[in-house]
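Visitor: Could you walk me through this model, one feature at a time? I would like to learn how to read each kind of contact.

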Amino acid sequence: QVQLVESGGGLVEPGGSLRLSCVTTRSSTSIKPMAWYRQTPGNQREWVASAAAGGATNYADSVKGRFHISRDNAQNTVSLQMNNLKPEDTAVYYCKGSNRYSDVFWGQGTQVTVSS
């Protein structure tokens, strides 16, 4: 059963922008989206950005200054604004969430393709 749903991926040119969103399903409101990861074929899932409920954010060095994560506690969503996209940003982007018991949940992913 899908509990986190990502959206906003697509095909963009280098230098373009996309905004990804992650929402919980109605039956999964106890799960808090908190981070974004990405993965390319044959590679491990890579951490991109995280956001604490209180507003603290952290970014991987590869995206710092270009990506901006935001968390809406009222809507229980997390977004990733991706600016100045590069071909190496091409990946499937996944939303990571957790509940109060520290169980980890993943969405199905949304494809981001940056043409070269």
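**Reading the contacts**

Guide: Let us start with a charged pair: Glu46 and Arg38 form a salt bridge, with their closest N and O atoms 3.0 Å apart. Please keep in mind that this is a predicted model.

Visitor: Which salt bridge does Arg38 make with an Asp?

Guide: Arg38 also meets Asp89 through their side chains, at 3.0 Å from N to O. Arg38 belongs to strand S4 and Asp89 to the loop between strand S8 (77-82) and S9, so this pair ties together parts that are 51 residues apart in sequence. Asp89 counts as buried, at 1% relative accessibility.

Visitor: Let us turn to rings. What describes a pair of aromatic rings?

Guide: Two quantities do the work: the distance of the centres and the angle of the planes. In this structure there is 1 aromatic pair. Tyr37 and Trp106 make up that pair, with 4.9 Å from centre to centre and 85° between the planes, an edge-to-face arrangement. Tyr37 is in strand S4 (residues 32-39) and Trp106 in strand S10 (residues 104-106), so the pair ties together parts that are 69 residues apart in sequence.

Visitor: Which residue has its charged end over the ring of Trp106?

Guide: For this feature, look for a charge above a ring face. The charged end of Arg45 sits over the Trp106 ring, 4.7 Å from its centre. Arg45 also lies over the face of Tyr94, at 3.7 Å from the ring centre.

Visitor: Now the strands. How do S4 and S9 pair?

Guide: The general idea is to ask about direction, then count the bridges, then find residues that stand opposite each other. S4 and S9 are antiparallel and pair over 7 bridges. Arg38, the residue that bridges to Glu46, stands opposite Tyr93 in S9.

Visitor: Which other strands pair with S9, and over how many bridges?

Guide: Strand S11 (residues 110-114) pairs with S9 in the antiparallel sense over 3 bridges, and Tyr93 stands opposite Thr110 there. S10 is also antiparallel to S9, joined by 3 bridges, with Val104 in S10 as the bridge partner of Ser98.

Visitor: Why can S9 be called largely enclosed?

Guide: Burial gives the reason: 7 of the 8 residues of S9 are buried, so the rest of the structure largely encloses this strand.

Visitor: What lies between S9 and S10?

Guide: S9 and S10 form a hairpin with 5 residues between them, and Ser102 in the turn has a positive phi of about 70°. Asn99 is also found in the loop between these strands. The side chain of Asn99 reaches two backbone nitrogens, that of Tyr101 at 3.0 Å and that of Asp103 at 3.0 Å. Asn99 counts as buried, at 15% relative accessibility. Leaving aside residues up to four places away in sequence, Asn99 touches Ser30 and Phe105.

Visitor: Could we finish with a strand that has two faces? Which residues of S3 are on the covered face?

Guide: In strand S3 (residues 18-24), the covered face has Leu18, Leu20, Cys22 and Thr24, while Arg19, Ser21 and Val23 are on the uncovered one. S3 pairs with strand S1 (residues 4-7) in the antiparallel sense over 4 bridges, and Val5 stands opposite Val23. S3 and S8 also run antiparallel, joined by 6 bridges, and Leu18 has Met82 in S8 as its bridge partner.

Terms used: Residues are numbered from 1 along each chain as its sequence is written. This is a predicted model: local features need pLDDT of at least 70, side-chain atom pairs count only at pLDDT 80 or more; totals for chains, interfaces and linings use all residues. Side-chain values use heavy atoms; hydrogens and water are left out. Rings of Phe, Tyr and Trp (its six-membered ring) pair if their centres lie within 6.5 Å; planes under 30 degrees apart count as stacked, over 60 as edge-to-face and the rest as tilted. A charge sits over a ring if NZ of Lys or CZ of Arg is within 6 Å of the ring centre and within 35 degrees of the ring normal. Buried means under 20% relative accessible area, exposed over 50%, partly exposed in between (1.4 Å probe, protein chains only). A polar contact is a pair of N or O atoms within 3.5 Å; within protein, one must be able to donate a hydrogen and the other to accept it, and residues adjacent in sequence count only if both atoms are side-chain atoms. Contact means heavy atoms within 4.5 Å. A salt bridge is a side-chain nitrogen of Lys or Arg within 4 Å of a carboxyl oxygen of Asp or Glu. Two strands pair if DSSP finds at least two bridges between them.
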